[in-house]
Amino acid sequence: MSAIFAAGTARAESNSYNMTQGVTEISGQVYDLHMLIFYICCAIALVVFGVMFYSMYHHRKSKGAVAANFHESTKVEVIWTVIPIVILVLMAIPATKTLVAMEDTSRSDLTVKITGSQWKWHYSYFGEDVEFFSLLATSQKSIEGIEEKGAHYLLEVDNPLVLPINRKVRFLLTSDDVIHSWWVPDFAVKKDTIPGFINEAWTRIDKPGIYRGQCAELCGRAHGFMPVVVHAMEEQQYDEWLLAKKAEIAKAQQEAAASLTASLSLDELMAIGEKVYLDRCAVCHQANGAGIAGAFPAITASKVATGAVEPHIDVVVNGRAGTAMQAFANQLTDKEIAAVVTYQRNGLGNSVGDVVQASDVNQFKASKEGQ
C-alpha cells in the first residue's frame, strides 16, 4: 500500500509540471494536442541532435576527416524545406480541429454573462433573473499576515459561479473598465474581457466539484486579488440551487425596499459601513483610509468625506469618470451605500457627525433620474 501511495505521490508531483488534463472534453483534447506536439518536438530534437552529434564524432579532424567543399545543393534545399512543411501540416490538422471545437458555442443549454470589473467578477444567468458579484473572500488580516493563510489563500470568493455538469454552458465575456481575463485551467477556458466587446467561450463539465482560476491579464493594483471559483453541481442539485438563489434575491429586494423606511442608528450604520468599506473600498483606499499617494486618494480628511453629504453620495453612487472610482449604484443596496458613506464620514479619522439613511440615497438617485 505504501508503495502505491508513493507512486501516486510521485505521479502527482510530475504532473504538476505539465498542463492539467482538466474535467471537460475540450480540456482533454487540448491536453492530448499538447502532448502530441510535445512528442513530435522531442522526436525532431532527437533526430536533429542525433545526426549532429554523430557527424561531429565520426567526422572529426582527429580521425583525418576532411570537410567537403561545395557551395550549394538543390537536393538538400528541397529536403529541408519539404520535410518541415509536411511536419507543420501534420501538426496543424489536429490543432485546427481542436481550435474549431473550442470556438463552437452553438446549441448551448445555458448562457452566463461574465463581466470583469476592478477587481471582481459579475455573473448574470440569461433568462433566469439571477445575477451577483463574486469577490475575494480571503480576509484582509490574512493578506497582511496577521492571521494564518488558509488552504485556498487568494483563491476563495464569497459567491462562486455555480454551473451544472453535463450541460453546455455558453459564456459571454466583457468588462466594465480595463482588460481582464477569465481563466479556469480545468475547463481549458481562458478568454479576455474587453470593454465594449463581447467575447464567447463555452464548457461542458464532466465531474462535480469546485474549480479555481484567476484573472490572467494584468489589470491594475489588485490584479492578484481577483480569483475565479466555479462550483459544478449535479443537474438536480443545480436546479435546486437556482430556485434557492432566486428566493434569496427576492428576499434581498424586499429587505432593500423595507430599508427605505427604516431609520438606523449611527452605531448600526457604522458597523454595516465598516464591513462594506473593508470588502469594497479598502483595496484602493487602504483599511485605515490613508489611500496611496499618486494613485488612490485618502478618505481621511478628504474634502469629499468631510464636505457636503450630497457630493459624497454622488461619488459612491455614480463613481468618477476617468478614474478607478467605480459606480456602486448597481453593486450595493441603498442601505449599504448609506452605511459606507456614514462610516467614511465618521470613521477613518473623520468626525463629521452626520448620519445618512437609505432613504437619503434613494432620494438622491430619484433626483438625478428626474434631471
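Reader: What makes Tyr123, Tyr125, Phe132, Tyr238 and Trp241 one aromatic cluster?

Author: Keep in mind that this is a predicted model. Rings count as paired if their centres lie within 6.5 Å, and Tyr123, Tyr125, Phe132, Tyr238 and Trp241 form one cluster. The structure holds ten aromatic pairs. Take Tyr125 and Trp241, with 5.7 Å centre to centre: that falls within the 6.5 Å cut-off, so the two rings pair.

Reader: Why is the pair of Tyr125 and Trp241 called tilted?

Author: Look at the planes, which are 45 degrees apart. Stacked needs under 30 and edge-to-face needs over 60, so 45 degrees lands in the tilted class.

Reader: What does the pair of Tyr125 and Trp241 tie together?

Author: Tyr125 sits in strand 2 (residues 120–125) and Trp241 in helix 5 (residues 235–259), so parts 116 residues apart in sequence are tied together.

Reader: How do you know whether Tyr125 and Trp241 are buried or exposed?

Author: Buried means under 20% relative accessible area. Tyr125 has 2% relative accessibility, so Tyr125 counts as buried. Trp241 has 17%, so Trp241 counts as buried too.

Reader: Which residues touch the most other members of the largest nonpolar core?

Author: Out of 38 residues, those are Val112, Tyr123, Tyr125, Leu161, Leu163, Phe171 and Trp182. Phe171, leaving aside neighbours within four places in sequence, is in contact with residues including Val112, Leu161, Leu163 and Trp182. There's also a second, separate core of 21 residues, with Phe328, Tyr343, Leu348 and Val356 among them.

Reader: And the second largest pocket: what lines it?

Author: That pocket has a volume of about 360 Å³. It is lined by 18 residues, and the closest to its centre are Val30, Met102, Ala188, Val189 and Lys190. Helix 2 (25–58), helix 3 (74–103), strand 7 (189–193) and strand 8 (199–203) each give two or more residues to the lining.

Reader: How do the residues of that lining divide?

Author: Into twelve nonpolar, two polar and four charged. Among those closest to the centre, Val30 and Met102 are of types that count as nonpolar, whereas Lys190 is of a type that counts as charged.

Terms used:
Residues numbered from 1 in each chain as written. Predicted model: local features only at pLDDT ≥ 70, side-chain atom pairs only at ≥ 80, totals over all residues. Heavy atoms only, no water. 1 Å grid on protein atoms, 1.4 Å probe; cavity = no way out; pocket = protein on both sides within 12 Å on 5 of 7 lines; lining within 4 Å. Points joined across faces, edges and corners; volume = space filled by probe spheres on them. Helix = DSSP H or I, 4+ residues; strand = E, 2+ residues; numbered from the N terminus. Core = buried A, V, L, I, M, F, W, Y, C linked by side-chain atoms within 4.5 Å. Buried < 20%, exposed > 50% of the residue type's maximum accessible area, 1.4 Å probe, protein only. Contact = heavy atoms within 4.5 Å. Phe/Tyr/Trp six-rings, centres within 6.5 Å; stacked < 30°, edge-to-face > 60°.
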